[in-house]
Structure formats: structure tokens, C-alpha cells
Amino acid sequence: MKNQLIIKNLSVMKNSALLIDNISFKTEGRIFAIIGPNGSGKTSLAYTIMGLKEYKTRGKIIFNNKDITKLSITERAKLGITLAWQIPAEFEGLKVKDYLIASCKCQNLKNEKINSILENLFKEIGLKKDYLEKRISELSGGERKRVELLSVYLTKPKIALLDEPDSGIDILSFKLIKRFISKMSKESCVVLITHSEELSLLSENAVLLFNGKILKSGITREVIKAYRGFENE
Amino acid sequence: MNNKRFNSDEKVVEELISNAEKAAKFSEIDTSAIHNERFPKLLLHKNKIVGKKEIDGLVVDAKETKNGIKARVIVNKKIELPIYLCFGVLEKSYDQRINIELIAEENSEAKIYAFCTFPNAENVSHLMKAKYLLKKNSKIDYHEFHYHGKNGAFVFPEIFVSCKENSSFNTSITSLYGVIGKIKYFVDVVLEKNSKCAALSKIKGSKKDMIKVIENAKLLGENSSAVIKSRLISSENSRAIFRGEIIGIGDESRGHVDCKEIIMDNGFAKTIPKLKVLNKKARVTHEAAIGSVDKKEIQTLQARGLTTEEAINLIVKGMLE
């Protein structure tokens with residue numbers, strides 16, 4: 001399968017704490033969900049797939065038949081993997097426009113083209129055009145989150161890891177985010193890391209993580225059912 | 001450097017303007033306007049006047065003396081066009097000395113861009129002493145940009161400012177490209193009733209640069225206010241020291257010192273905000289931070305395909321803006 005991530009016997013440690021314990025799975029379909037309660041290891045798994053150095057690994061991460069376990073963040077990004085952080089960086093002083101232009105680096109676009117692309121995308125995600133000139137640090141949490149999603153989209157990734165893309169998003173904007181994720185999935189494989197049942201139902205397949213282990217994997221509805229059952233226990 | 005190359009003032013002016021462009025790179029300043037004859041300017045190369053243009057509302061009286069350049073600039077009214085000052089040395093060795101006095105008459109207003117450029121410096125010093133008098137209701141924006149080439153220079157600008165009632169003084173120094181050498185930038189502002197001052201220093205040190213920025217504001221008058229802000233980057237083996245001092249004396253006077261320094265490689269940074277309040281109705285605050293570039297910010301940009309160096313450059317650019 002094209003643009004597939006394969007996790008093989010992966011264990012992850014940080015500061016001598018075991019966060020992920022020998023898990024294996026493959027991403028399937030255009031949207032794949034990793035679900036689980038707080039502290040189950042979802043974000044640690046996303047960071048590990050992205051290649052953050054502080055997460056020590058055993059096992060393998062394979063992307064498009066290539067073992068990427070030892071690659072740096074930039075090397076993974078150049079292969080087409082990127083991540084939208086759950087809590088995006090503040091970037092004191094950096095303008096939204098400069099951040100997004102940097103995210104377009106791989107596309108080699110001319111400035112006029114970038115401007116028109118950004119203006120259209122801003123409409124789709126519910127941001128005003130004049131936000132381009134704002135500083136990221138001046139934005140609210142929800143606005144910053146939307147800029148983060150745009151940044152991921154603009155890198156044209158093969159795999160977009162979206163860590164809790166709806167956190168800090170108001171009810172009205174949630175629909176826009178949901179629509180935007182669907183749009184993104186037409187061009188990239190999206191890996192959703194989420195608590196939200198509604199969002200996870202965008203995917204066909206999912207895994208349920210708990211205490212760093214996979215409790216269930218398969219069709220998303222079945223996985224959610226297992227999650228509910230597990231919560232009720 | 002072949003000195004003959006700079007025998008003609010025309011060529012010197014061309015070089016000064018081209019280096020002004022380097023100093024103000026990525027800023028929104030249109031340095032090409034220095035060529036334009038309509039724009040007021042004073043262009044100095046070494047201790048010689050190589051260009052001058054006065055306009056209605058602006059008197060520029062500059063003289064070459066045995067102790068360097070002596071200039072008196074008088075702003076009589078609100079001037080819409082920016083005033084350009086180019087102070088440069090194109091040779092490898094030289095001692096440039098400039099004494100400048102600026103008087104902003106009552107209700108006058110001007111924006112001044114100064115470019116201090118020493119592109120070929122090996123043993124160049126630039127000593128500038130400036131006295132600015134801002135009379136009632138006047139407003140001066142003075143922004144200085146530096147470019148010191150690949151080897152750096154010894155640069156010591158001292159600016160003493162007196163802000164009379166209701167006047168406003170905005171100033172900044174920017175030195176982001178090339179090697180600095182040694183810079184000691186000193187600004188001292190005294191503010192009377194309802195006057196305001198904002199001072200910003202944005203300097204990036206590399207190699208073995210030594211950077212010292214001292215900015216003082218005395219809030220003498222009622223409702224006077226000052227914000228002193230610094231953004232210094234100390235990379236490689238450079239050293240950056242910032243001292244910002246505000247003294248609150250007048251009733252309801254307000255002051256704030258905000259200094260942030262970033263250390264990279266083996267850089268060294270020290271920041272000293274100093275506050276004094278001599279009136280219980282005055283309020284002076286500060287925030288200061290020294291640190292490295294935020295790891296999460298670097299990782300975010302790396303995840304977009306930027307190298308570590310590209311990521312740091314973008315983060316620093318944002319911070320310095």
C-alpha cells in the first residue's frame with residue numbers, strides 16, 4: 001500500500017519511563033485513527049514517528065518500505081512525514097505569513113501564488129485574511145491550531161500526523177476543521193490522534209492505545225465500541 | 001582595498017547606498033530613495049561630506065573640522081519625506097568622528113534613517129556623539145542600521161536626548177548582518193511632562209563580537225513614559241551585554257524594560273534591567289530572559305522540512321522583528 005506506516009515491535013522510552021510497550025500495527029486507508037485515553041501514549045507515539053530525539057526507541061518504523069527509525073526529523077519531513085502539534089509553538093514575533101511561507105518551502109512557489117493560495121485556505125479554515133500579517137504569538141489557542149493545520153497542509157505531506165486537531169477549537173469551527181481534514185486526506189494519508197469519537201469516525205481503521213499497549217485494532221467503529229466498553233468497566 | 005576606487009565622490013555615494021541596502025536588508029526601508037534627489041539627506045564618508053540635501057523645514061549645517069564632522073540639523077516643521085543619513089568608511093583603516101546636534105522645533109516631526117556602514121573594515125573606528133533636543137509637541141523617529149563587513153569595526157555611538165513637554169522619541173538600532181567587531185551603543189533620554197520614548201535594540205553577534213548596549217531613561221515629568229526593549233543574539237564566541245535603566249520621578253510616569261537575549265553555540269549574554277522609582281505615583285516594570293532557541297519551535301520547523309540552521313534563522317528573524 002502507498003504511503004503506509006508500519007510500526008514493528010516498537011517500544012519507546014523517555015527519561016527511563018516506558019511509554020510505548022512493544023506495539024505493532026500498519027496504517028490503513030486515507031485516514032487512520034489512534035485513539036485512547038489521556039496518558040495512553042498517543043502523543044509519544046506521534047513524536048516518535050516524527051523522530052523527536054528525546055524519545056528512545058526499540059523496534060522499527062517503516063515508511064513506504066524504508067526503515068526510518070534512525071532518521072532525523074528533517075529527513076523524515078523530506079520523505080513526506082509531518083506533524084501538527086497538539087499545542088503548537090508560539091514563535092515569539094514570527095508572522096503567520098512567514099511561518100506558512102516556510103512551510104511551502106518544498107513546493108517552490110512564487111510569492112504571488114503563495115498569497116492567493118493562503119487567502120483561499122484562510123477562508124476554508126475560518127481565519128480572516130488580515131491574520132497573515134499577525135504574529136503567531138498574538139493568536140488565540142484555537143487560531144494557532146488552525147494555522148498549524150494549514151502549515152501541515154502546505155508541506156504537501158504523504159503522511160500528516162494530526163495530534164488532537166480539535167483541541168481548543170470552538171463548536172462552530174469544529175465543522176470547518178473536520179471538513180479541512182477530509183480535504184487534506186484527498187492529498188495525504190492522515191493519521192489522527194484523537195479522543196473525539198466524531199473525528200475518529202472520519203477514519204475507517206484505528207488502533208486503541210492504553211498504557212502504551214494496543215488493546216484493539218481494526219475497523220474504527222469496532223475499536224470505538226471496544227473503547228466505550230473499556231471505559232464502562 | 002584600492003583607495004583610488006573611491007576618489008570620486010559619486011562612486012563613494014554609490015558604495016554608501018549599496019551598503020545601506022545591506023544594513024537594512026529585509027526591513028521595510030526603501031534605501032533606493034537615497035538616490036532620489038527629492039529626499040533630504042546627509043552622506044558622510046570618513047570625515048568628509050559627500051552629499052547633502054536640505055528641503056523646506058529642514059536645515060542641515062555640516063562642517064568638516066580637524067576633529068571630524070560637526071553637524072547641526074534643525075527640523076522646523078512636519079516633514080513627510082524620511083531623512084537619510086549615511087555614515088560610512090569604505091577603507092580598511094580609519095577613525096571616523098561625528099558630532100551631531102539635532103533640534104526638533106515645536107510641533108515639528110521627522111523620521112530619520114541612519115546607515116552606519118564599514119564594509120571593508122579591518123581597523124576602523126566610528127565614534128559618534130549625538131545630542132537631540134525635542135521641543136514641545138515634536139516627534140522624532142530615529143532608526144539606525146549597521147553593516148560592518150566581514151571583519152567588524154569598533155563602533156561607539158552615544159546619543160543624549162532631551163524630550164520636552166508632549167514630545168515623542170522613537171529609536172532603534174539594528175545590526176543583523178556581517179560581523180560587528182565591537183559595539184558600545186549608549187542612549188540616554190530625559191523625559192519631561194507627557195513625553196514618550198520607545199527604544200529598541202536588535203543586534204546579532206557572531207565570531208568574537210563584543211556587544212554592549214546601555215539605554216537609560218529618566219522619567220522626569222508627569223505622565224512621561226518610556227519602553228526600552230532589547231533583542232540580542234549571541235552566537236559563536238560573541239558576548240552581548242545589555243543594561244536598561246529607567247528612573248521614575250514624575251507623577252504617574254510609566255516605564256518598562258523588556259530584554260531578551262538568545263545564546264547560541266559558545267555565545268555569552270548578560271542582561272541587567274535596572275529600575276528606580278523616586279515617586280510613589282510612578283510605576284516602572286521589567287521582564288528579562290536569557291535562553292536558547294526554543295526546542296519545540298525548532299522541531300516544528302524541522303517537521304516542515306527545514307534544516308536546523310534554517311529553522312533557527314527563521315525563529316531568530318521573528319524574534320528580532
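Across the interface of chain A and chain B, 15 residue pairs are in polar contact, both residues at pLDDT 80 or more; such a contact is a pair of N or O atoms within 3.5 Å, where within protein one must be able to donate a hydrogen and the other to accept it, and residues adjacent in sequence count only if both atoms are side-chain atoms. Keep in mind that this is a predicted model, where local features need pLDDT of at least 70, side-chain atom pairs count only at pLDDT 80 or more, and totals for chains, interfaces and linings use all residues. Residues are numbered from 1 along each chain as its sequence is written, chains are lettered from A in the order in which they are written, and side-chain values use heavy atoms, leaving out hydrogens and water.

Now for the two sides. On chain A, 31 residues are in contact with 22 residues of chain B (contact means heavy atoms within 4.5 Å). By class, chain A's side has 16 nonpolar, 6 polar and 9 charged residues; Ala, Val, Leu, Ile, Met, Phe, Trp, Tyr, Cys and Pro count as nonpolar, Asp, Glu, Lys and Arg as charged, and the others, Gly among them, as polar.

There are also 5 salt bridges between the chains, meaning a side-chain nitrogen of Lys or Arg within 4 Å of a carboxyl oxygen of Asp or Glu. In one of them, B:K260 pairs with A:E92, and their closest N and O atoms are 2.6 Å apart.

Finally, have a look inside chain A. There, A:L121, A:E124 and A:I125 in α4(A) meet A:L176, A:I177, A:F180 and A:K183 in α6(A); helices here are DSSP runs (H or I, at least four residues), numbered from the N terminus. The residues of this helix contact divide into 5 nonpolar, no polar and 2 charged.

Technical notes. Helices (H or I, at least four residues) and strands (E, at least two) are DSSP runs, numbered from the N terminus.
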